[in-house]
Amino acid sequence: MTFSLLSDANAKQRLAGLLESAMDAIISCDDTQKIVLYNRAAERIFGWPPEEAIGQPLEMLIPTRFHQLHAQQVRRFGATGTTSRRMGDTTVLYARRKSGDEFPIDASISQLNTPEGKLYTVILRDITERERAREELAAFASESAGVREQEKSRIARELHDELAQSLTAAKMDAIWLRDHLSADPEAQSKIATMLSMLDTCVASTRRIAADLRPLVLDDLGLVPALEWVVQNFMQRTHVPCELIVDEDLELEEPFATGVFRIVQESLQNVAKHAEATQVEVELNSEGDYLLLRVQDDGIGFRPSQPRKPQSLGLVGLRERAQLMRGELRVDSSPGAGTRVEARIPTTRADA
């Protein structure tokens with residue numbers, strides 16, 4: 001192990017003992033990005049022994065496709081004067097073993113100015129098992145969401161096909177009774193009340209079925225379903241809403257349902273909280289990605305402020321996007337409206 005940047009022999013010896021006993025990999029490089037410090041945990045994780053790693057460029061530990069981005073980040077990191085970047089943020093980094101295999105890491109990065117020049121130190125750990133567990137949890141959540149949608153579809157269709165039709169038949173019988181009974185005012189009043197109640201029940205049944213899962217999504221596809229939800233939003237709120245979408249856009253499951261639910265829940269949030277006078281929903285494809293935007297001109301809010309108890313609207317939107325391996329961003333400020341943007345990969349392998 002080389003400690004050319006450290007002067008005191010006793011300090012070097014004590015530091016060497018600490019570094020060799022550390023559970024996390026510790027790697028330092030100079031301002032030319034050459035490795036000058038490499039502990040035993042780093043050897044265990046990466047596979048290169050110290051004599052093969054020290055003096056080599058740090059890029060040997062980074063996948064080739066990230067080399068340019070790494071160089072830019074190092075320049076930015078050095079120029080800003082930031083002294084550290086902690087572990088545990090949402091960014092997953094990737095490293096490369098001696099075998100060429102790539103693996104995910106969590107890393108803490110710091111910089112220090114020394115008489116010999118700037119020294120960058122990275123403390124990192126292999127999070128392959130953690131990411132695998134996260135992948136399994138995401139797959140389970142996606143499967144559970146699919147099962148829930150199937151159950152909603154089954155219940156919605158039974159409500160529509162069975163209960164609503166039975167109520168309609170009961171209404172027809174009530175009409176027959178009205179037309180064939182004597183003109184008893186009390187009987188006619190009771191039948192009129194019955195017909196009104198049946199109309200309400202039929203309408204409620206169809207509304208509940210549509211809220212569970214609109215049959216138009218299964219029967220006609222995503223675009224007609226979006227047109228339906230936008231029209232329903234305007235009827236309930238009297239707020240103009242423009243839908244911008246390619247009429248020929250077709251998506252397979254689970255993407256069609258996921259996109260529909262994001263739009264539906266976003267419009268529900270607008271109706272509840274935004275006090276908007278104009279809403280715009282835009283959906284288009286860009287390569288292997290689907291870009292979705294729901295924007296309103298309402299009162300807005302501060303996304304950084306703590307959410308209210310039992311308020312899960314934005315959390316639900318992000319979870320739906322994550323189930324499809326997508327990203328969702330919410331931009332808003334008081335008085336400036338709200339914009340919800342989702343970027344979703346549309347390849348089935350990423351579903």
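**Strands and salt bridges**

Start in β11, where Thr338 is the bridge partner of Asp296. Strands here are DSSP runs of E with at least two residues, helices are H or I runs of at least four, and both are numbered from the N terminus. This is a predicted model, so local features need pLDDT of at least 70 and side-chain atom pairs pLDDT 80 or more, while totals for chains, interfaces and linings use all residues. Residues count from 1 along each chain as its sequence is written, and side-chain values use heavy atoms, with hydrogens and water left out.

Now select β9 (residues 289-296) and β11 (residues 338-345): eight bridges join them, antiparallel. Two strands pair if DSSP finds at least two bridges between them. On to β8 (residues 279-286), which is also joined to β9 by eight bridges and runs antiparallel to it. Asn284 sits opposite Leu291 in β9. The β8-β9 hairpin has two residues between its strands, and Gly287 in the turn has a positive phi of about 65°.

Next, pick Arg329, Asp331, Arg339 and Glu341, which are linked in a network of salt bridges (a side-chain nitrogen of Lys or Arg within 4 Å of a carboxyl oxygen of Asp or Glu). Arg329 and Asp331 meet at 3.3 Å, N to O.

Last stop: helix α5 (residues 128-180), where Arg132 and Glu129 lie three residues apart, about one turn. Their side chains form a salt bridge at 2.5 Å, N to O. The structure holds 17 salt bridges.
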